[in-house]
Amino acid sequence: MAFRVSFGKPPAEAAPSVHFRPAGNDERSRNINLLKARRFGAFEIATNLFHQVASLGAANVQVDRTSAGSTITVEVDGITHALPALDLATATALVSSFKQLAGITAQEVRWRQSGQFTAIIKNKSWECTVVSSGIPSGERTQLLLDAGKAEFANLAAASVSEPLQKRMRASLAAESGLLLFSAPPQSGMTELLETAVRDSDRFQRSYYLLENSRRPRPDIENVATRKFDGSTVTIDSLLRSIAKEHPDVLIVPEIDDAEIVDSLTSQPAQGRLAIGGVLANDAPETLLRVLATRCNARRFAGEVTAVANARLLRKLCVTCRQPYLPSPQMVMELNLAIGETQALFRPSGTIPGERDEPMTCPACGGLGYRGRAAVIQWMEVSDEMRATMLGSSDDHLQLLREQAAAAGMTPHLAEAATLAAAGITSVEEIVRVLRTPRD
Ligand SMILES: [Zn+2]
């Protein structure tokens with residue numbers, strides 16, 4: 001499926017209307033930035049491009065300009081797509097327009113610069129960030145669309161099945177214990193952790209999020225954020241100062257060293273729920289990744305209650321998805337809970353146009369997918385697994401996986417198959433995302 005974003009001039013009646021509100025301290029300086037942005041000779045292309053990528057829910061646009069030419073890529077739902085190349089002069093004019101809107105110097109190509117502007121289409125707005133810096137023999141410019149916006153409002157919006165939502169909420173409502181959220185790199189760990197917190201009782205209990213100042217994230221309403229940097233402000237000193245405010249829940253979005261793990265696992269004994277994020281391929285492996293920090297193993301094994309491991313997969317575009325009858329073999333392999341005559345859906349990217357000629361689907365730009373869903377493996381930690389964590393088995397990981405399966409762990413595939421049966425995603429997408437664990 002080809003991704004169709006065009007730089008051509010749209011017909012007058014389809015001319016996109018994007019209202020840009022540039023950077024600036026007052027109306028006059030914003031107007032000057034807008035006037036200058038219009039003068040680079042590619043403002044129409046910039047507006048047209050912005051309208052198309054914003055309408056597709058793109059996360060960012062990246063333009064690299066070097067002596068060899070220009071490349072433009074767009075990231076949508078975690079996948080990077082190349083756009084047709086623009087000649088260098090046009091690409092430079094395009095980049096200059098966005099830089100000017102963001103109030104940064106269009107002519108400066110070596111030093112790192114960043115700025116913001118707002119774009120409004122109909123009654124929806126995007127808070128955009130432009131980041132520009134030199135690369136060997138050229139410049140890289142990134143336009144981040146709404147980098148601070150949460151992908152999922154709650155677990156239901158992330159397409160988590162209702163039975164699993166219930167189990168997760170029960171663990172989040174616990175008075176103490178340690179709850180872990182994990183995923184391979186770039187696969188949704190932070191999104192899942194933040195979605196679970198958003199879904200919790202943060203209006204009834206006091207939640208504190210301890211953020212590493214090198215990895216800032218947007219605030220979550222009614223969750224107090226405190227920053228630590230590892231040297232001047234350590235997590236230990238931070239926890240001591242927060243303890244005076246009697247927090248109920250403490251969250252550390254990434255627990256990657258023994259000091260952080262030990263600080264967090266000392267909390268449940270004081271009647272608090274602790275929540276942490278870990279990079280790992282599956283839920284059993286998450287336990288071993290934490291133990292590998294050389295933390296206080298006995299305390300960690302004693303406190304950890306449950307682990308959620310995430311993947312993000314793309315949802316089918318509902319405008320152009322195509323129904324088909326799956327083979328009995330596929331139904332069996334995916335363990336699909338569907339009747340013999342129930343259709344599944346696959347992506348198409350086209351809709352019937354005039355005289356039934358296929359035309360690019362306007363809702364997904366020809367990608368066949370639109371938006372994402374979280375697929376979660378959910379594991380509650382048993383005493384048997386605690387003993388394995390502290391024991392001396394030859395293959396801890398294999399043993400933990402067997403024990404987790406026996407204790408009723410919800411596999412990724414079970415949640416993914418539910419989404420396929422409901423027509424939310426495709427079998428192809430499930431295979432792409434769950435095929436191999438990423439290292
Ligand atoms: Zn579509």
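Where is the place of V223? I looked it up, and V223 sits in strand β10, residues 223-228. Strands here are DSSP runs of E with at least two residues, helices are runs of H or I with at least four, and both are numbered from the N terminus.

**Entry 1: ground rules**

I noted that residues are numbered from 1 along each chain as its sequence is written. This is a predicted model, where local features need pLDDT of at least 70, side-chain atom pairs count only at pLDDT 80 or more, and totals for chains, interfaces and linings use all residues.

**Entry 2: the whole protein**

I started with the overall picture. The secondary structure comes to 14 helices and 18 strands. The C-alpha trace spans about 70 × 60 × 40 Å along its principal axes.

Two domains are assigned: domain 1 covers 12-145, and domain 2 covers 165-309 + 380-403. Those bounds come from an automatic or database domain assignment. I found the C-alpha centres of domain 1 and domain 2 to lie 38 Å apart.

Of the 439 residues, 40% are buried. A residue counts as buried if 20 or more other C-beta atoms lie within 10 Å of its own, as exposed if 12 or fewer do, and as partly exposed in between, with C-beta atoms placed from the backbone.

I also checked contacts, meaning pairs of residues whose C-beta atoms, placed from the backbone, lie within 7 Å. Among contacts between residues at least 6 apart in sequence, 67% join residues at least 24 apart.

I returned to V223 in β10. V223 counts as partly exposed, because it has 17 C-beta neighbours inside 10 Å. Apart from neighbours within four places in sequence, V223 is in contact with V197, R202, Y207 and L209. I also looked up V223 and L250, which are 27 residues apart in sequence and 9.7 Å apart in space, C-alpha to C-alpha.

Next came V74, in strand β3 (residues 69-76). Is V74 buried or exposed? V74 is buried, with 23 other C-beta atoms within 10 Å. A59 is 15 residues from V74 along the chain, and their C-alpha atoms are separated by 7.7 Å.

**Entry 3: helices around α3**

I looked at helix α1 (residues 27-38) and helix α3 (residues 88-101), whose axes come within 8 Å and cross at roughly 180°. That makes α1 roughly antiparallel to α3. N33, K36 and A37 of α1 make the contact with S97, Q100 and L101 of α3. Axes are lines fitted to C-alpha atoms, for helices over the stretch in contact, and angles run from 0 to 180 degrees between N-to-C directions.

Helix α2 (residues 43-55) packs against α3 at about 70°, with the axes 8 Å apart. α2 and α3 are therefore roughly perpendicular. F43, I45 and A46 of α2 meet T90, L94, S97 and F98 of α3. For the wording, angles under 35 degrees count as roughly parallel, over 145 as roughly antiparallel, 65 to 115 as roughly perpendicular and the rest as oblique.

Helix α8 (residues 283-291) and helix α12 (residues 396-406) pack at about 135°, with axes 8 Å apart. α8 and α12 are therefore oblique to each other. A283, P284, E285, L287 and L288 of α8 make the contact with H396, L397, L400, R401 and A404 of α12.

Which residues of helix α7 (residues 258-265) are buried? I found I260, V261, S263, L264 and T265. Their cover includes β8 (177-183), α6 (235-243), β11 (249-252), β12 (273-279), α8 and α9 (297-303).

**Entry 4: two positive phi values**

H246 has phi near 50°, a positive value in a residue other than glycine. I placed H246 in the loop between α6 and β11. H246 is exposed, with 10 other C-beta atoms within 10 Å.

R355 also has a positive phi, of about 50°, although it is not a glycine. R355 lies in the loop between β16 (350-352) and β17 (358-360). R355 counts as exposed, because it has 5 C-beta neighbours inside 10 Å.

How values were computed
Two residues are in contact if their C-beta atoms, placed from the backbone, lie within 7 Å.
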